[in-house]
Amino acid sequence: AELARDLVSAAYVSLIESGVRRPSPELAKALLARLGVDHDRDTRDQELLVKVVAATELGDTASARELLGHSEANSPQPSPRRRLAQALVDQRSGFFREAQVEFLTLVDVFEAGSVEHLRAVRGACACARFTSSMAEPIAAARRVLALPTEHDLGEHLQLKTTIRATTATLLSLSGDYESALEMCHAAIEAASSPWALASAMWVQALTYERQGRNELAAICARDALIHMREGERPLERASIIMTACWLELQADLFDEASVTSRLDEVETVFLTHGNVDSR
């Protein structure tokens with residue numbers, strides 16, 4: 001009520017908080033001023049995060065670092081959003097332990113269920129594959145997936161789907177195949193984009209392989225590739241191609257010319273992006 005005074009009703013503020021209503025730029029500026037937040041800086045950091053997310057998803061860590069460099073020059077004190085952007089770049093650059101520590105710290109900084117909170121949880125889970133520190137990220141993922149979903153928008157749904165797929169990977173790596181497959185099925189049913197669907201099928205393929213069900217694993221990996229858009233997330237696509245090729249070889253379900261062609265594509269992607277993780 002104090003925040004809303006003379007601006008809007010307290011009920012309207014509640015609708016903004018729950019994501020049902022989006023305030024106008026003027027109202028947002030007034031509310032943030034009452035909360036002691038620098039609106040202009042908050043807007044700049046939001047824009048920075050959006051641009052860094054786009055660059056890292058394309059595997060363009062050089063551009064992402066350049067964006068961060070400009071931001072640091074203008075404001076040396078990092079905000080939570082800028083720290084999240086830096087963690088995303090660190091993750092893409094192969095500094096998984098450092099990135100995971102920052103992601104897990106930010107999980108408790110951002111509002112539960114916000115887009116930034118979901119990105120921090122997903123980042124912590126993604127890094128856990130390489131740090132072997134899985135318990136805390138899995139627990140954070142289970143908490144966020146238990147949050148109410150009635151007000152989730154498109155981006156929220158997509159992030160939650162990829163959190164499910166990433167958590168399924170960790171469950172599979174820890175040997176809990178039943179829970180991993182359940183999480184994959186939930187991710188496939190909730191998938192709101194081709195990439196979300198492909199990533200869930202990819203994890204499903206890896207889980208079947210760990211169970212020794214190689215033919216089924218190869219089929220799932222092929223299905224994942226079918227749903228990947230050409231040019232979308234090249235590093236992830238390259239990893240899925242490698243998985244599909246390996247599983248087809250394991251199951252003796254391959255064509256030599258096709259495998260060679262696809263691995264040539266993988267090599268081109270890795271040489272272009274110079275990615276430590278995928279190499």
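**Figure 1. Confidence along the chain of the predicted model.** The chain has a mean pLDDT of 85, with 91% of its residues at 70 or more. Confidence is highest in helix α6, where the mean is 96, and lowest in helix α3 (residues 39-57), where the mean is 79.

**Figure 2. The aromatic pair of Phe96 and Phe130.** The search of the whole structure returns 1 aromatic pair. A pair of aromatic rings is described by the distance of the centres and the angle of the planes. For Phe96 and Phe130, the centres are 4.1 Å apart and the planes form an angle of 15 degrees. The pair counts as stacked because its planes are under 30 degrees apart. Phe96 belongs to helix α6 (residues 96-107) and Phe130 to helix α7 (residues 115-131), so that the pair links parts of the chain that are distant, 34 residues apart.

**Figure 3. The crossing of helices α11 and α13.** The axes of α11 (residues 194-210) and α13 (residues 234-251) come within 11 Å of each other and cross at roughly 35 degrees. This crossing is left-handed.

**Figure 4. Residues in the contact of α11 with α13.** Helix α11 contributes Trp195, Ala198, Trp202, Ala205, Leu206 and Glu209. These meet Glu236, Ser239, Ile240, Thr243, Trp246, Leu247 and Gln250 of helix α13. By residue class, the contact comprises 8 nonpolar, 3 polar and 2 charged residues.

Conventions
Residues are numbered from 1 along each chain as its sequence is written. This is a predicted model: local features need pLDDT of at least 70, side-chain atom pairs count only at pLDDT 80 or more; totals for chains, interfaces and linings use all residues. Side-chain values use heavy atoms; hydrogens and water are left out. Axes are lines fitted to C-alpha atoms, for helices over the stretch in contact, and angles run from 0 to 180 degrees between N-to-C directions. Helices (H or I, at least four residues) and strands (E, at least two) are DSSP runs, numbered from the N terminus. A crossing is left-handed if the near helix is turned anticlockwise from the far one by less than a right angle, and right-handed if clockwise. Contact means heavy atoms within 4.5 Å. Ala, Val, Leu, Ile, Met, Phe, Trp, Tyr, Cys and Pro count as nonpolar, Asp, Glu, Lys and Arg as charged, and the others, Gly among them, as polar. Rings of Phe, Tyr and Trp (its six-membered ring) pair if their centres lie within 6.5 Å; planes under 30 degrees apart count as stacked, over 60 as edge-to-face and the rest as tilted. pLDDT is the predictor's confidence in each residue, from 0 to 100.
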